[in-house]
Amino acid sequence: MTISYHASCADKNYTKGPYSRMGKSGPFFFALILSPVPGYEPRKGAEMREEKLLNYLKGACTGRKYRASSAELEAVLGISGTDLRKLVNRMRRKGIPIGSDRWGYFYATTAGEVYSTIQQLKTMENGLAAARRGLEQSLDAFPLREGAS
């Protein structure tokens, strides 16, 4: 699924994408992300990206059934995959229930969705620990010399 939009989406003047040919104003969740709110001061940096991601996930990706791929979220938010993963990590640390599986991200709507994401993270954690241990063992193959760091 490819979603395209540009600056005029905030004004609901769609010139690209599936809604331009139908005379419709587009998906509701874009209004959550792009519409200006009276008296609203835009936030800067990560905080603003967090808000955009949260609004998108809550509006379009509630539950595993409606997950969005990393590529889709990167395109919608205009960020890199690395930035997306950092953003998701930061939000999860704040207790925001962003679920994921091998196929994408979603706003978790059940304890089971959160639990399966926790299990996936534990598996990743164990894999990283094993890789670290392997690298630590590889250090034995290197000669020790003074002044080496």
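**Burial and charge pairs, asked and answered**

Trainee: Why is lysine 94 called exposed?

Mentor: Lysine 94 has a relative accessibility of 54%, and exposed means over 50% (buried is under 20%, partly exposed in between, with a 1.4 Å probe and protein chains only). So lysine 94 counts as exposed. Before we go on: this is a predicted model, where local features need pLDDT of at least 70 and side-chain atom pairs count only at pLDDT 80 or more, while totals for chains, interfaces and linings use all residues. Residues are numbered from 1 along each chain as its sequence is written, and side-chain values use heavy atoms, leaving out hydrogens and water.

Trainee: What makes lysine 94 and glutamate 50 a salt bridge?

Mentor: Their side chains come to 2.8 Å, N to O. The rule asks for a side-chain nitrogen of Lys or Arg within 4 Å of a carboxyl oxygen of Asp or Glu, so the pair qualifies. Lysine 94 sits in the loop between α4 and β1 (98-101) and glutamate 50 in helix α2, so the pair ties together parts 44 residues apart in sequence. Helices here are DSSP runs of H or I with at least four residues, strands are E runs of at least two, and both are numbered from the N terminus.

Trainee: Why is glutamate 50 called buried?

Mentor: Its relative accessibility is 8%, so glutamate 50 falls on the buried side of the cut-off.

Trainee: What makes aspartate 101 and arginine 67 a salt bridge?

Mentor: Their closest N and O atoms are 2.8 Å apart. This pair links arginine 67, in the loop between α2 and α3, with aspartate 101 in strand β1, 34 residues apart. Aspartate 101 also meets arginine 64 in a salt bridge at 3.5 Å, N to O.

Trainee: Why does glutamate 113 have no salt bridge?

Mentor: Glutamate 113 is buried, and the nearest side chain of opposite charge, arginine 64, is 4.7 Å away. Lys and Arg count as positive, Asp and Glu as negative, with His and the chain ends not counted.
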